[in-house]
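Visitor: Could you walk me through this model, one question at a time?
Guide: Gladly, let's look at it together.

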Amino acid sequence: MSTNQNSHSATHKEIFLDFEPAEIGGLNGNDWRIYFRVKVPGEQKMKLFRRRVKKYSNKTVRMRYAKRMCSEINKKLEKGWSPLFDGYADNEFFKLVDVLEKFLGQAERKLNDNLLRKDTYRSYTSYAKNIEGYLKERGKEDLFTIQFDRTFIIEFLDHIYYDKKRTARTSNNYLSFYSQLCVFMVDRKYLPSNPTLKISKRKVGKKKREILPTYLRNDIFKYQSRISKEYLTLCLLVYFCFIRRTELTKLQVKNIDLKKSTVFIPAEISKNNKDGIVTIPKKLKILLAKHIDTSFVDDFLFSNENFKTGKNKLEPKKVSDEWAKMRNALNFESKYQFYSLKDTGITELFYLDVPLIKIRDQARHHDIKITETYAPRNYKADEFLRDLDFNF
C-alpha cells in the first residue's frame with residue numbers, strides 16, 4: 001500500500017473515531033432500519049443505535065426518506081452530537097408541518113371545550129401559517145423535527161425582527177409560541193428536549209400608550225350617546241373598570257351588582273385565570289343600570305344583537321369593528337385604538353392622585369410594577385420639593 005493510501009486510511013479512521021456513520025439496513029424485507037454506532041465514553045467499544053424507517057407505498061419515496069434520515073443523523077454526529085448525552089426522540093423524523101397540524105388540531109379541541117381562548121387559538125393559527133410560509137420560501141417544507149433546533153428557531157426569529165422588520169415584542173411572541181409548541185413536541189417524543197429554554201427574549205422598550213385627549217373623549221361620548229348607548233356603556237366599562245375586550249364578551253348580567261357597585265369577573269373568563277372584583281364609579285352606575293334594566297340574569301351583558309343584553313355571545317372582533325367605524329365617522333387618528341380607553345382611564349387615576357395600590361387592584365394587575373408603567377412621567381411638580389428652602 002502506498003504512503004498516500006496509508007495516510008488516507010488513517011485520516012478516515014480519525015474522522016469517525018467517536019462514531020460510525022448512519023447506514024440503511026434491512027432492505028430485503030419491509031422492516032428498514034437506520035444503523036449507526038457511537039463510542040461509549042471511557043470504554044473501548046461502540047454502542048449500536050437503530051431508527052425505524054417509516055413505510056411508504058412507493059419504494060423510491062421511502063428510499064429518499066431513508067437517505068435523508070442518514071444525512072441528518074450524520075450531520076449531527078459530525079457536530080459532536082451523541083444520543084448518549086444529548087438524547088433522542090422516538091418520533092424525531094416526522095415532518096414539522098405535520099406536527100404543526102396536529103398541534104393546531106388539539107388546540108381546536110381545547111377551544112371547543114372552552115379550555116383555550118379564541119384569541120389564543122387565532123394567534124396560534126397565524127403563527128403556524130407564517131412558519132409554514134417561511135419553510136416554503138426556503139424550500140424546507142419537508143423539515144424534520146430533528147432539524148427543529150435552537151439554530152433554526154434563532155434564524156427564524158432574526159427573520160421576523162430584521163428581515164420582516166417586526167417589533168421586538170412580536171419576535172418575543174413568536175418565541176412564546178415556539179415554547180408552547182416545543183412542550184407539546186417533547187411530551188409526544190418529537191423532540192428530546194426543549195430548544196427554546198436557552199433562547200433569550202429581545203429587550204423591549206417601554207410600551208407606548210396613546211392617551212385619548214379630552215376633546216376626543218367628549219366627541220366619542222356625544223357620538224355614541226346618539227348612535228348606540230349600548231356600545232357607549234361597553235366603552236365606559238373599559239375606561240372606568242379596565243375590563244378587557246374578550247372578558248366583556250363573556251360577562252353576564254349576574255356578574256353586575258349595582259347595590260355593591262361592583263363587577264365580578266370569574267376566573268374562567270379572566271385573562272389571568274383568577275376571580276376579580278372591580279368597582280363601578282357613580283358616573284357609570286346610572287348608565288349600566290339602564291342597560292340591564294329589562295334583562296335576565298343569565299343574559300350576556302353585551303350580546304351579538306347590537307351590544308344589547310341577550311342570549312347570543314358577542315364576538316370580540318365586532319367590538320373592534322365598531323371602534324373602527326366610529327373612528328371613520330369622527331375622523332380621528334388610527335393611533336387611538338380601542339385599548340386606549342383602558343390606558344387613558346388608568347392614567348387619569350394617576351392625575352387624580354389615587355393611591356397606586358388602588359389603581360393596581362382596579363386594573364387587576366398581578367404586579368404593581370405593571371401598574372407603574374402607566375404612570376405619566378413627571379406629570380406634575382412635587383409641592384414639597386418645589387417650595388423647599390434649598391440653596392447651593
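Visitor: Does Glu210 count as buried or exposed, and at what relative accessibility?
Guide: Buried means under 20% relative accessible area, exposed over 50%, and partly exposed in between, with a 1.4 Å probe and protein chains only. Glu210 therefore counts as buried, with a relative accessibility of 17%.

Visitor: What should I know about the numbering and the model before going on?
Guide: This is a predicted model, in which local features need pLDDT of at least 70 and side-chain atom pairs count only at pLDDT 80 or more, while totals for chains, interfaces and linings use all residues. Side-chain values use heavy atoms, with hydrogens and water left out, and residues are numbered from 1 along each chain as its sequence is written.

Visitor: Where is Glu210 placed, and which residues is it in contact with, leaving aside neighbours within four places in sequence?
Guide: Helices (H or I, at least four residues) and strands (E, at least two) are DSSP runs, numbered from the N terminus. Glu210 lies in the loop between α6 (168–187) and α7 (214–227). Contact means heavy atoms within 4.5 Å. Leaving aside neighbours within four places in sequence, the contacts of Glu210 are Lys335, Tyr336, Ser340 and Thr344.

Visitor: Which domains does the assignment give, and what separates the centres of domain 2 and domain 3?
Guide: The bounds come from an automatic or database domain assignment. That assignment gives domain 1 (19–79), domain 2 (96–188) and domain 3 (214–373). Taken over C-alpha atoms, the centres of domain 2 and domain 3 are separated by 32 Å.

Visitor: What is the strand order in the open sheet that contains β1, and which strands stand at its edges?
Guide: Two strands pair if DSSP finds at least two bridges between them. This open sheet of 3 strands has antiparallel pairing and the order β1-β2-β3. One side of β1 (19–25) and one side of β3 have no neighbour in the sheet, because each has a single partner strand; the edge strands are β1 and β3.

Visitor: Over how many bridges do β1 and β2 pair, and which residue stands opposite Phe19?
Guide: β1 and β2 pair in the antiparallel sense over 5 bridges.

Visitor: Why do the buried residues of α10 line one face of the helix, and what arc do they span?
Guide: The buried residues of α10 (residues 282–291) are Leu284, Leu287, Leu288 and His291. Looking down the axis of α10, they line one face because the directions from the helix axis to their C-beta atoms fall within an arc of 100°.

Visitor: What covers that buried side, and which exposed residues does the face turned away from it carry?
Guide: The cover over the buried residues of α10 includes α8 (229–241) and β4 (256–257). The face turned away carries the exposed residues Lys282, Ile286 and Lys290.

Visitor: At what angle do α7 and α11 cross, and how is that arrangement described?
Guide: Axes are lines fitted to C-alpha atoms, for helices over the stretch in contact, and angles run from 0 to 180 degrees between N-to-C directions. The axes of α7 and α11 (residues 316–330) come within 11 Å and cross at roughly 110°. Angles under 35 degrees count as roughly parallel, over 145 as roughly antiparallel, 65 to 115 as roughly perpendicular and the rest as oblique. α7 and α11 are therefore roughly perpendicular.
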